[in-house]
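The sequence and structure are shown first.

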Amino acid sequence: MPTPKHKPPTPKRRPPPPPANAVAPDQSPTRLPVSLEQPSNKKTPSKSAKLFRRVKSVFRSFPVINPPCKMPVPIHTGRMHDGHIHGGKQMTGTLFGHRKSRVNLAIQENPRCLPMLVLELSIQTGKLLQDMGLGLVRIALESEKNPSEKIKLTDEPIWTMYCNGRKVGYAVKREPTDDDLKVMQMLHAVSMGAGVLPGHGGDAAAEGELTYMRANFERVVGSRDSETYYMMNPDGNSGPELSIFFVRV
């Protein structure tokens, strides 16, 4: 009886090598390098400096609650120019977003710094830019005061939003996203101006072009429950006027 022949074991196939552009599971795609600086950390002012600043601010911008939106109306007693009071701190403000989606507001110490405040407003970017092209726009952001919580005014998480006295919804404070930082990085050399940012297609293309408007804003503190940001136009140039009021009632 012939001895049965045993077949040699079939060698195991090696898995194919991963493609050259594959990303390992524990790695993330390369992000746009962000070279924005941290805002300057200033020393805490002394009690006498705080008192002087408080008295000075009362004369510069005393909030008056005016229904229906309780927008603070400052009483100007200082030097005026182009309809605005001067003497506040100058900040950089950027309105940006896709034309058919909500507009975002970013406040920076200067164009090279990380945003100190990012708000998502309840109005479409295209609509706000259209309103600004027609003249004066006043945005009032109103938050409810809670005596048991000691929180900085601009750290309030949600605001009731009014535009030229008409309630338009709510504004939400959020942390800067990667997309926000990408926009700030692209505009780090721009002190003021408006336009369309390139390179934002794909799914976002259905929401329209990614537009921006950047300007210098003068920050006037009325009290711990009211601040105002006035958009400043270059000397001798007429343009849209925008005022943003933060008030806690």
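Asp225 is buried, with a relative accessible area of 13%; here buried means under 20% relative accessible area, exposed over 50% and partly exposed in between, with a 1.4 Å probe and protein chains only. The side chains of Lys145 and Asp225 meet with N and O 3.2 Å apart, a salt bridge being a side-chain nitrogen of Lys or Arg within 4 Å of a carboxyl oxygen of Asp or Glu. The two residues are 80 residues apart, with Lys145 in the loop between strand S6 (136-143) and strand S7 (158-163) and Asp225 in the loop between strand S10 (210-223) and strand S11 (226-232).

The model is predicted: local features need pLDDT of at least 70 and side-chain atom pairs count only at pLDDT 80 or more, while totals for chains, interfaces and linings use all residues. Residues are numbered from 1 along each chain as its sequence is written, and side-chain values use heavy atoms, with hydrogens and water left out.

**Overall features**

The chain has three helices and twelve strands; helices (H or I, at least four residues) and strands (E, at least two) are DSSP runs, numbered from the N terminus. Of its 249 residues, 37% count as buried. The accessible surface comes to about 15,800 Å², and 55% of that surface belongs to carbon and sulfur atoms; areas come from the Shrake-Rupley method with a 1.4 Å probe, and for residues only the protein chains shown count as cover. Among contacts between residues at least 6 apart in sequence, 57% join residues at least 24 apart, where contact means heavy atoms within 4.5 Å.

**Salt bridges**

Side chains of opposite charge can pair when their charged atoms come close. In this chain the count comes to ten salt bridges. Three of them are listed below, including the pair already described.

| Pair | N to O distance |
|---|---|
| Lys145 and Asp225 | 3.2 Å |
| Glu120 and Arg102 | 3.6 Å |
| Lys89 and Glu109 | 4.0 Å |

The pair of Lys89 and Glu109 links distant parts of the chain, 20 residues apart: Lys89 belongs to strand S3 (residues 89-98), and Glu109 to the loop between strand S4 (102-108) and strand S5 (117-124). Lys89 is partly exposed at 31% relative accessible area, whereas Glu109 is buried at 17%.

Glu120 and Arg102 are likewise joined by a salt bridge. Glu120 lies in strand S5 and Arg102 in strand S4, 18 residues apart. Glu120 is partly exposed, at 25% relative accessibility, and Arg102 is partly exposed, at 36%. Through shared partners, salt bridges join Arg102, Glu120, Arg174 and Asp180 into one network.

The whole structure contains two aromatic pairs. Rings of Phe, Tyr and Trp (its six-membered ring) pair if their centres lie within 6.5 Å; planes under 30 degrees apart count as stacked, over 60 as edge-to-face and the rest as tilted. Trp159 and Phe246 are edge-to-face, at 5.3 Å centre to centre and 80 degrees between the planes. Because Trp159 lies in strand S7 and Phe246 in strand S12 (residues 241-248), this pair ties together parts that are 87 residues apart in sequence. Trp159 is buried, with a relative accessible area of 1%, and Phe246 is buried, with a relative accessible area of 1%.

Tyr229 and Phe246 form an edge-to-face pair, with 5.7 Å between centres and 70 degrees between the planes. Tyr229 is in strand S11 and Phe246 in strand S12, so this pair ties together parts 17 residues apart in sequence. Both Tyr229 and Phe246 are buried.

Leu153, in the loop between S6 and S7, is buried, with a relative accessible area of 2%. Leaving aside neighbours within four places in sequence, Leu153 is in contact with Trp159, Arg224, Asp225, Ser226, Glu227, Phe246 and Arg248. The C-alpha atoms of Leu153 and Phe246 are 7.7 Å apart in space, although the residues are 93 apart in sequence.

**Second largest pocket**

The second largest pocket has a volume of about 250 Å³. A pocket is defined on a 1 Å grid over the protein atoms alone, as an open set of points where a 1.4 Å probe fits, with protein on both sides within 12 Å along at least five of seven lines; lining residues have an atom within 4 Å of a point. Grid points are joined across faces, edges and corners, and the volume is the space filled by probe spheres set on the points. Of the 14 lining residues, the closest to the centre of this pocket are His98, Asn104, Asp179, Asp180 and Leu210. S3, S4 and helix H3 (178-186) are the elements that give two or more residues to the lining, and H3 gives the most, with four residues.
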